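Work through the exercises below with the structure open beside you, and try each task before reading its solution.

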Amino acid sequence: MSSKLQITSTAIHDVLIVEPKVFGDERGWFTESFNELDFAAATGFDVQFVQDNHSFSRQWTLRGLHYQLEQTQGKLVRVVVGSVFDVVVDIRKDSPTYGKSVGVELSAQNHKQLWIPEKLAHGFLVLSDTAEFLYKTTDYYHPQSEVCLAWNDPTVGIEWPLPSGIQPNMNAKDMTGLSWDAAPKF
């Protein structure tokens with residue numbers, strides 16, 4: 001286990017909370033946000049990232065739940081401004097956690113990251129006024145095979161932390177996500 005990373009398991013056995021060591025003093029702080037050797041030593045996963053993505057969103061924006069049927073992507077995600085409620089849904093039929101979801105608050109303050117293996121649906125809800133979300137992916141974006149699982153499907157039953165009376169801000173694709181029964185699985 002790497003002394004630079006704290007790894008916490010979640011209800012989905014291979015979705016991990018990754019917390020890099022943060023060094024701070026009166027000047028501010030420093031953290032090594034990713035180191036391939038430390039990540040492999042701490043998680044047992046040897047990953048190669050090929051793409052970095054950066055999004056900006058306003059409060060109550062909900063993005064997801066997305067996945068790709070081809071060029072499946074493992075993701076290491078984190079927030080550098082604000083906070084989000086990050087969600088992963090296991091859509092692997094042979095997994096012991098098939099159909100389960102995990103939700104974790106990621107923020108600029110807590111420095112937590114989430115490792116999301118390939119073949120899982122992923123999305124997030126912005127909790128702060130704005131948020132900047134970064135994610136490294138193990139394969140390239142493949143829009144032709146992208147699927148959106150409905151964020152509010154009752155079978156999945158995600159408890160999004162939306163205040164009473166607030167509807168999430170979503171694009172058309174995310175508003176018309178597929179039901180659990182209709183969505184293709186792995």
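**Exercise 1.** Determine which residues have the most contacts inside the largest nonpolar core.

*Solution.* A nonpolar core is a set of buried Ala, Val, Leu, Ile, Met, Phe, Trp, Tyr and Cys residues joined through side-chain atoms within 4.5 Å, where buried means under 20% relative accessible area with a 1.4 Å probe, protein chains only. In this predicted model, local features need pLDDT of at least 70 and side-chain atom pairs count only at pLDDT 80 or more, whereas totals for chains, interfaces and linings use all residues. Residues are numbered from 1 along each chain as its sequence is written, and side-chain values use heavy atoms, with hydrogens and water left out. The largest core has 20 residues, and those with the most contacts inside it are Leu65, Val89, Leu149, Ile158 and Trp160. Strand 6 (62-68), strand 8 (83-90) and strand 11 (120-126) each give two or more residues to this core, strands being DSSP runs of E with at least two residues and helices runs of H or I with at least four, numbered from the N terminus. Apart from this core lies another, of 17 residues, including Ile12, Val15, Val88 and Leu106.

**Exercise 2.** Find which residues of helix 1 are buried, and where they sit around the axis.

*Solution.* In helix 1 (residues 36-43), the buried residues are Asp38, Phe39, Ala42 and Thr43. Because these residues cover an arc of only 105° around the axis (taken from the directions from the helix axis to the C-beta atoms), they lie on the same side of helix 1. Their cover includes strand 1 (5-9), strand 2 (16-20), strand 7 (75-81) and strand 10 (113-116). Just after helix 1, Gly44 takes a positive phi of about 85°.

Note on methods. Buried < 20%, exposed > 50% of the residue type's maximum accessible area, 1.4 Å probe, protein only. Contact = heavy atoms within 4.5 Å.
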